[in-house]
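Good morning, and thank you for coming.

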Amino acid sequence: MPLDGKIPSGPLSAKWDKHKFDSKLVNPANKRKFDVIVVGSGLAGASAAASLAELGYKVQCFCFQDSPRRAHSIAAQGGINAAKNYPNDGDSIQRLFYDTIKGGDFRAREANVYRLAQVSGNIIDQCVAQGVPFAREYGGLLSNRSFGGAQVSRTFYARGQTGQQLLLGAYQALSRQIGLGAVQMFPRTEMLDLVVIEGQAKGIVVRNLVTGEITSHAADAVVLATGGYGNVFFLSTNAKGCNVTATWRAYKKGAFFANPCYTQIHPTCIPVSGEHQSKLTLMSESLRNDGRVWVPKRKEDCSKPPSSIPDSDRDYFLERKYPSFGNLAPRDISSRSAKEVCDEGRGVGPGGLGVYLDFADSIKRLSLNVVRERYGNLFDMYEKITGENAYEVPMRIYPAVHYTMGGSWVDYNLMSNLPGLFVLGEANFSDHGANRLGASALMQGLADGYFVLPYTIGHYFASAKPAKAPVSHPEFKKTEESVRVLTQKLLSIKGKRTPTSLHRELGKLLWEKCGMSRNEAGLKEALKRIPELRAEFWKNVNVTGENGELNQSLEYAGRVADFMEFAELLCLDALHRRESCGGHFRQEFQTPDGEAKRDDENFSYVAAWEYQGSNQQPTMHKEALVYEEVHMSTRSYK
Ligand SMILES: Cc1cc2nc3c(=O)[nH]c(=O)nc-3n(C[C@H](O)[C@H](O)[C@H](O)COP(=O)(O)OP(=O)(O)OC[C@H]3O[C@@H](n4cnc5c(N)ncnc54)[C@H](O)[C@@H]3O)c2cc1C
């Protein structure tokens, strides 16, 4: 079935304005008649919940943390893009749009990306009005720096804590609405299923993580803003709680899952230091503004102290291979280049899985104080984890799983194929194609929540006029029962392996067979092994504790159970996509100089998968990517 993205007609630059004008409105007095459930209180969820409540809708907002403030968004470091062109260096909406489409290797929907660039400036104005302390120039103007895949400086930042400051802004707006009674907040509450009645999303079933109570919540629309699934790889830069449960369980209720194989591997993370590790730490891409990436030219030099290796014996491989973008080549390309030099035996540090990120030149050029001013908290974090002072010796970095471009399929209105189910932020697939450029996730999450959903959800209410379904409806009762049965099943197995050990094994398999580079044989091996591992999980997992108490082993086991199923879809998607694009690098499809080789003739589409039942092959639907104004070209950063 071809999928309709509901892209408005007309010239690209006029689509969003025209669409807003054509959209039906809900009269202010009628807005309070509509209930909206927002699952997630990160940047996408908090901004959506606050904006919808401000408009007058009745909102219930859910998160599994103890406070909305602890959503994973708080970890975002480097910045948020916007086409303000404050540095006067040639930026524009068109350029931000084009960079983002090109950065995504021409696998994103053109109209969505243009809209994202259009509203980017509004986000900054909104956040400044909230008091977000963005870095400023001496004269007071907001300061900008560069991120990968761009030749202009358009990234707004608050030191290395941009996500934290933006989330505090959104949280204030949310708190105001909680105080006014317009948002009812449910922290420590996990959505465990979506309720669909006559094909429309009507509510959710949740578990109170403190008491274990399972309850239903009904609404006229359900908004999932539940973040990304990078933790399917076990080791990632994501917060430990990030998971796929909400979008996966929605998938099993009929919401299509798009491009699950598009995973972003970030080039600058602290290398893995041993088997004991349960998460990896990002060193923000902003560091590549001033840090130079290199490895020794000769294998024999890899164990020498870096300071003893003269410049002439160093390979600044990004500057060498991509002279126009240098150290700010996009993430997929930079990650693969780092892997390549390590595979050649020129990696540094334990196991040879590391490259240097060196600030010596910048410290000489700018002074230590300036470098500390820009990146001090990142240097401190690096020292705490590695015990090394990066002002004196280069940082060691290596690529790690960081972000997931795939997610629930949504149309231009951010609505899934299930009427009434909207998906925002990292949880949807919408704007980044096969590779996300740095500083664009925060932009997308806030665009979705502050500036897109408030318009499109109103149109849904006014045009579809969805009928109410109370929680006494049998479908809610049936769904509650299935959640109870699943919870009891997890607790009753009492096997020998911890959820962590099974998750680690799954993650390792995915990293090896479906990580930075993939091939048909490896993917087939993974597809054979995943069902075996899943069977082992259901036979041998040991979930400690009980249901009626705070039980993190139980919470985690439920999320791992979903990863065990989802991993198979991820590999299936990677196997079917017989091309390389962005973060999806199939070894069989590369140019003679090792770059990703796209196949636009056969694969310029979004792959949206439809669940067909357990152990059944899902059905793939295609949304053709039709570019009206952009010419699809081979990406070059040389
Ligand atoms: C270390 C790090 C640094 C980053 N730095 C940057 C950066 O500088 N710039 C940039 O643009 N991007 C950055 N990113 C990416 C960016 O942080 C994320 O993509 C973005 O914050 C995701 O926001 P979100 O609102 O979609 O989801 P999240 O912030 O992950 O929020 C998800 C919410 O959903 C809730 N939730 C999830 N599942 C359930 C469930 N089943 N039931 C109830 N609640 C649920 C959670 O409780 C949470 O409130 C970074 C990512 C990492 C890992």
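Predicted model: local features only at pLDDT ≥ 70, side-chain atom pairs only at ≥ 80, totals over all residues.

Is Trp-294 buried or exposed? Trp-294 counts as buried, because 26 C-beta neighbours lie inside 10 Å. The cut-offs are these: a residue is buried if 20 or more other C-beta atoms lie within 10 Å of its own, exposed if 12 or fewer, and partly exposed in between, with C-beta atoms placed from the backbone.

Residues are numbered from 1 along each chain as its sequence is written.

Let us return to Trp-294, which lies in strand 12, residues 292–296. Helices (H or I, at least four residues) and strands (E, at least two) are DSSP runs, numbered from the N terminus. Leaving aside neighbours within four places in sequence, Trp-294 is in contact with Arg-314, Asp-315, Tyr-316, Phe-317, Val-355, Tyr-356 and Asp-358. Contact here requires that the C-beta atoms of two residues, placed from the backbone, lie within 7 Å.

I turn now to the interior. In soluble globular proteins, nonpolar side chains tend to be buried together. The largest nonpolar core of this model has 189 residues, and Val-36, Ala-49 and Val-223 touch the most other members. Helix 16, residues 552–576, gives the most to this core, with 13 residues. A nonpolar core is a set of buried Ala, Val, Leu, Ile, Met, Phe, Trp, Tyr and Cys residues joined through C-beta atoms within 7 Å. Not counting residues up to four places away in sequence, Val-36 touches Leu-52, Tyr-57, Val-59, Ala-219, Asp-220, Ala-221, Val-223 and Ile-457.

Helix 13 runs over residues 474–492, and its 19 residues reach 27 Å from first C-alpha to last, close to the 27 Å expected at 1.5 Å a residue. The expected span is 1.5 Å times one less than the number of residues. Which residues of helix 13 are buried? They are Phe-476, Thr-479, Glu-480, Val-483, Thr-487 and Leu-490. These residues cover an arc of only 105° around the axis, which puts them on the same side of helix 13; the arc is that of the directions from the helix axis to the C-beta atoms. An α-helix has 3.6 residues a turn, so residues three or four places apart point the same way. The buried residues of helix 13 pack against strand 6, strand 7, strand 8 and helix 16. On the other side of helix 13, the exposed residues are Pro-474, Glu-481, Ser-482, Val-485, Gln-488 and Ser-492.

Helix 14, residues 499–514, has 16 residues that should span 22 Å, and its end C-alpha atoms are 21 Å apart, which agrees. Its buried residues include Pro-499, Leu-502, Leu-506 and Cys-514. The covering of the buried residues of helix 14 includes helix 15 and helix 16.

What surrounds the ligand? There are 46 residues around it, the closest being Gly-40, Gly-42, Ser-73, Gly-227 and Gly-425. A residue is counted here if its C-beta atom, placed from the backbone, lies within 6 Å of the molecule. Among the elements that give two or more residues to this shell are helix 3, helix 6 and helix 12. By class, the shell has 20 nonpolar, 24 polar and two charged residues. Ala, Val, Leu, Ile, Met, Phe, Trp, Tyr, Cys and Pro count as nonpolar, Asp, Glu, Lys and Arg as charged, and the others, Gly among them, as polar.

One of the closest residues to the ligand, Gly-40, is also in contact with Cys-63. Cys-63 is found in the loop between strand 2 and strand 3, and it counts as buried with 28 C-beta neighbours inside 10 Å. Tyr-450, in helix 12, is buried with 24 such neighbours.

I close with the backbone. Most residues other than glycine have a negative phi, and most peptide bonds are trans. Phe-234 has a positive phi of about 65° although it is not a glycine; its place is in the loop between strand 9 and helix 7. Lys-6 also has a positive phi, near 55°, and is partly exposed, with 13 C-beta neighbours inside 10 Å. Just after helix 13, Lys-494 takes a positive phi of about 50°.
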